[in-house]
Amino acid sequence: MNVATRLLYVSLILFLLSCQEAPQDNPPRQRLSLNEGWKFKKYKADEEADDLIYDVRPEIKDTDDTKEADTEPTDAVELQSSNTVLKPYILPTANKFIKDKSKHHIRPSGNPGEDFPFMQANYDDSSWEEVTLPHDWAIEGPFLEGWNAEVGGGMGRLPSHGVAWYRNTFNLSDEDKDKSIFLDVDGAMSYAMVWLSGQLVGGWPFGYNSWRLDLTPYLTASGDNQLAIRIDNPNHSSRWYPGGGIYRNIWLTKTHKVHIAHWGTTVTTPAVSQEQASINIEVNIDNDDDQDQEVSIFSEIYAIDAKGDIFGTKVASTLSSDLRIGADSSLATLATAKINNPRLWGPPPSQTPHMYRVITYVKSGDMIIDEYHTDFGIRSIDFRPDGLMVNGEEIELQGVNLHHDLGALGAAFNVRAAERQLEILHDLGANAIRLAHNPPAPEFLALTDRMGFLVIDESFDCWERKKTPHDFHLIFDDWHEADLRAMVRRDKNHPSVIAWSYGNEVGEQYTDDAGADLSRYLSEIVKDEDPTRLTTASMNFAKPPMPFPGSMDVMSLNYQGEGIRNAPGYSHLKGINTAPLYPSFQKTYPDKAIISSETAAALSSRGVYLFPVAKEISSPIADPIGGDEKSGHVSSYELYTANFGSSADKVFKSQDQHPFVLGEFVWSGFDYLGEPTPYYLNRSSYFGIIDLAGFPKDRYYLYQSRWRPDHPSIHILPHWDWPERVGQVTPVHIFTSGDEVELFLNGRSLGRKSKREYEYRLRWDDVIYTPGELKAIAYKSGQKWAETTVKTTGSPAQLSVSADRDEILADAKDLSFVTVKLLDKEANFIRNANNQLRFSIEGPGEIVATDNGDPTDMTEFPSHVRKAFSGMALCIVRAKKGETGPIKLTVSSDDIESNTVTIQAK
């Protein structure tokens with residue numbers, strides 16, 4: 001992608017976020033980034049922190065974070081709140097998302113924290129760290145090692161816990177004096193509380209939601225307006241790495257007193273065909289003035305291209321409506337339009353994700369006082385009991401689950417890093433994403449819209465019953481409605497979002513009617529915000545006869561479809577034990593669609609192979625079968641799983657035996673920080689089809705062979721460098737989209753094998769290791785389809801250094817991901833090399849992080865020295881802001897010739 005295209009692409013992402021400013025000298029609406037110029041201070045220990053707390057928390061009595069992921073959640077610990085906590089001052093922020101006004105929170109009198117030094121404009125913060133948002137305070141490390149570490153493997157062994165402050169200032173012009181001014185926070189982890197010029201404004205505890213504060217009553221008309229934001233991220237609050245700090249974008253939004261509300265447009269398409277689409281545009285308008293106002297409102301609709309640019313003339317418009325809005329109140333209005341021969345949004349490769357833009361104008365007399373952009377897509381979604389229909393075409397869900405971290409970049413959101421993940425998944429053949437288990441950054445959904453992924457948008461890993469001592473259950477009662485409505489209200493115009501999930505493996509599955517009633521209540525909240533999409537909550541325990549499944553629209557099964565601990569090798573394990581339940585759910589709920597919201601939970605360390613190899617198609621890990629606790633690695637024969645999981649082969653078989661299931665979301669697409677099942681002394685998970693650095697594991701090619709059957713592919717495992725195994729049995733497995741394979745060792749045929757029914761790999765389990773060359777030729781329908789070789793390699797002699805993009809924007813945000821491979825003198829990739837690499841850089845760029853995908857590697861991510869893992873390493877490079885020219889990255893290693901790659905910053 002060239003720089004011109006990149007510039008257009010960045011413009012697209014900005015446009016796809018709501019509340020865009022109009023292209024005028026004094027636009028009626030301005031949305032200004034507040035990401036730069038922050039000062040940051042984190043207390044070294046919780047004991048040093050101030051006492052400006054949101055609420056009291058229970059004492060931690062159990063610090064074991066190694067529990068199985070399907071362990072039953074437990075009841076909350078009863079707490080007695082204190083009169084000194086700030087919760088009563090923060091709760092009113094939720095009022096706009098609480099439908100019953102009698103339940104709105106009333107702010108107490110007083111101004112807690114007004115005398116605290118950090119709020120004061122004259123406080124000297126010159127010794128504080130300068131940071132740019134998005135910012136994850138923990139990702140630079142160090143990793144906390146050992147069983148007694150303060151943060152264990154479950155949360156990624158990084159110091160994400162603690163209390164910290166962010167300070168910044170902004171000024172207003174004379175033109176702003178009669179405007180409404182808002183602070184829009186896309187995400188802050190967690191328990192954020194905001195003061196402006198010494199006055200407590202509000203906040204939001206849940207770290208994954210986006211939220212807004214009205215700053216207008218607290219503004220200083222002239223001079224600096226001093227922002228101070230307190231973040232309190234508790235330990236033992238998550239089952240994965242949460243990150244810490246203001247890890248998404250922050251915006252200052254300026255509007256006329258009469259303006260379209262926050263996330264104030266809803267665009268729906270109640271009737272869609274190839275010939276015509278009906279468009280409903282509901283607009284909510286706020287009047288922040290103390291007098292009634294008369295305005296008119298109308299909308300225009302344009303097609304936009306893949307770069308986010310409007311092309312052609314407007315395709316439709318609405319009639320102008322005259323409105324009278326009462327003082328300090330809101331009003332909703334509905335308009336309709338029709339588009340002839342609409343360009344439909346749908347998932348590739350059979351469909352194209354076409355997009356449109358609604359531009360809504362608010363006028364007072366002849367003057368436009370607000371302009372608001374809403375991007376949307378025209379498509380029909382139908383969850384049928386026997387298939388998912390998108391625009392009348394049946395689409396099988398070939399999906400993955402994604403956590404929110406971006407590997408070595410941590411939780412701090414970066415558009416290019418997320419785009420890279422989605423590009424890798426697209427090449428895999430994935431067409432769907434389940435967001436586990438929280439709303440994403442808003443830019444992520446702009447990407448899935450543009451790239452055509454189908455998305456299940458999710459919130460809440462727990463409700464009232466807890467999984468960890470300090471997780472969401474502590475604030476569920478106060479915040480569940482606001483958090484759910486905020487997620488739906490923000491994301492409802494994204495065509496990529498096809499369903500809402502309001503819970504993952506929650507403890508209320510175990511509480512019979514009480515849990516079902518709570519589930520039904522949450523579903524009703526979601527439907528009140530968006531009646532056009534179906535709802536679900538993922539179940540790993542609830543069975544068809546229980547009341548819980550009947551509370552939702554779509555049956556969303558975690559592992560239960562293929563069975564949990566039901567194969568022979570799992571029978572001795574404790575925990576949930578379930579036979580394959582697809583038929584039982586279909587029989588009990590014949591009119592409802594069934595999806596597998598989590599499948600597999602297979603485990604592997606990229607490029608590591610352990611012996612002996614299990615004979616079964618799916619096996620738990622029991623040293624030495626499948627895993628090595630001493631090294632901390634899991635075998636990449638891709639047969640091994642978490643105790644509650646199943647291999648890809650077992651999952652495929654169950655799905656093929658039950659074709660009415662709409663598809664799957666594999667746990668997980670990428671390795672992620674935290675939850676390093678089964679070896680909790682390590683830093684990151686083994687679940688990914690792709691490792692933490694973004695390098696495909698062997699499993700990637702197994703899924704690709706199934707999800708892209710028309711793509712000629714063949715993959716051999718393991719590598720063929722086994723000097724210690726000469727004369728020993730070394731099984732060879734092959735993944736291919738073909739239906740037959742002939743395998744050769746040093747030119748001698750080891751036989752030609754065909755896939756049988758419910759067989760997804762071809763196995764030669766009796767191969768005696770001899771150095772040389774493995775060659776595999778795949779056939780499809782009798783014709784040669786694909787071919788590959790794996791050779792015994794020599795010693796490392798050279799480095800392959802390649803950038804995914806050799807031109808990046810000089811904006812300190814755009815990234816180039818550089819892959820390093822160790823090669824022998826004949827340029828063969830050495831898949832078991834672990835040489836230490838050194839990275840250096842010249843020119844207007846900097847090394848952001850390095851990685852290698854090794855879950856056991858405790859080297860800090862910013863390090864410029866890192867070992868290769870299974871022959872590979874990653875270096876992430878960005879340009880310095882405003883500095884252009886060539887960036888030269890050099891990679892070196894002892895006794896190997898160094899190599900360089902040049903990246904242009906433009």
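Q: In which loop of this predicted model does Asp 328 lie, given as the two strands around it?
A: This is a predicted model, so the answer comes from computed coordinates. Asp 328 has a phi near 50 degrees, a positive value in a residue other than glycine. Its place is the loop between β15 (321-325) and β16.

Q: Is Asp 328 buried or exposed?
A: The cut-off to keep in mind is that exposed means over 50% relative accessible area. Asp 328 has 63% relative accessibility, so the residue counts as exposed.

Q: How does Ser 197 count: buried, partly exposed or exposed?
A: Ser 197 also has a positive phi, near 50 degrees, in a residue other than glycine. This serine lies in the loop between β6 (192-196) and β7 (199-204). Buried means under 20% and exposed over 50%. At 27% relative accessibility, Ser 197 therefore counts as partly exposed.

Q: Which residue in the turn between β13 and β14 has a positive phi of about 90 degrees?
A: Let's start with the strands: β13 (residues 293-304) and β14 (residues 310-317) pair in the antiparallel sense over four bridges. They form a hairpin with five residues between them. The turn residue with that positive phi is Gly 308.

Q: Which residue in β14 is the bridge partner of Glu 300?
A: β13 covers residues 293-304, and its pairing with β14 is antiparallel. Across that pairing, the bridge partner of Glu 300 is Ser 317.

Q: What is the value of omega for the peptide bond from Pro 348 to Pro 349?
A: Most residues other than glycine have a negative phi, and most peptide bonds are trans. The bond from Pro 348 to Pro 349 is cis. Pro 349 lies in the loop between β16 (329-340) and β17 (355-364). Omega for this bond is near 10 degrees.

Q: Where does Pro 718 lie?
A: The peptide bond from Leu 717 to Pro 718 is cis, with omega near 10 degrees. The strands on either side of the loop are β34 (714-717) and β35 (732-736). Pro 718 lies in the loop between β34 and β35.

Q: The side chain of Ser 551 has a polar atom 2.6 Å from which backbone oxygen?
A: Ser 551 is found in the loop between β26 (534-538) and β27 (555-558). With 6% relative accessibility, this serine counts as buried. Not counting residues up to four places away in sequence, Ser 551 touches Tyr 502, Ala 516, Ser 519, Arg 520 and Ser 523. The backbone oxygen at 2.6 Å belongs to Phe 548.

Q: How far apart in space are Asp 491 and Ser 320, C-alpha to C-alpha?
A: Asp 491 is in helix α5 (residues 476-491) and counts as buried at 0% relative accessibility. Leaving aside neighbours within four places in sequence, its contacts are Pro 440, Leu 445, Asp 457, Val 497 and Trp 500. Asp 491 and Ser 320 are 171 residues apart in sequence, and their C-alpha distance is 26 Å.

Q: How many disulfides does a search of the whole structure find?
A: A disulfide is a covalent bond between the sulfur atoms of two cysteines. Among the cysteines, Cys 462 is buried with a relative accessible area of 2%, and Cys 875 counts as buried at 0%. The number of disulfides found in the whole structure is zero.

Q: What is the radius of gyration of the protein chain?
A: The C-alpha atoms fill a box of roughly 90 × 60 × 60 Å along the principal axes. Buried residues make up 62% of the 906 residues. A compact globule with 906 residues would have a radius of gyration near 29 Å, and the chain agrees with this at 28 Å.

Definitions and conventions:
Residues are numbered from 1 along each chain as its sequence is written. This is a predicted model: local features need pLDDT of at least 70, side-chain atom pairs count only at pLDDT 80 or more; totals for chains, interfaces and linings use all residues. Side-chain values use heavy atoms; hydrogens and water are left out. A disulfide is a pair of cysteine sulfur atoms within 2.5 Å. Buried means under 20% relative accessible area, exposed over 50%, partly exposed in between (1.4 Å probe, protein chains only). Two strands pair if DSSP finds at least two bridges between them. The radius of gyration is taken over C-alpha atoms; the globule rule is 2.2 Å times the number of residues to the power 0.38. A polar contact is a pair of N or O atoms within 3.5 Å; within protein, one must be able to donate a hydrogen and the other to accept it, and residues adjacent in sequence count only if both atoms are side-chain atoms. Contact means heavy atoms within 4.5 Å.
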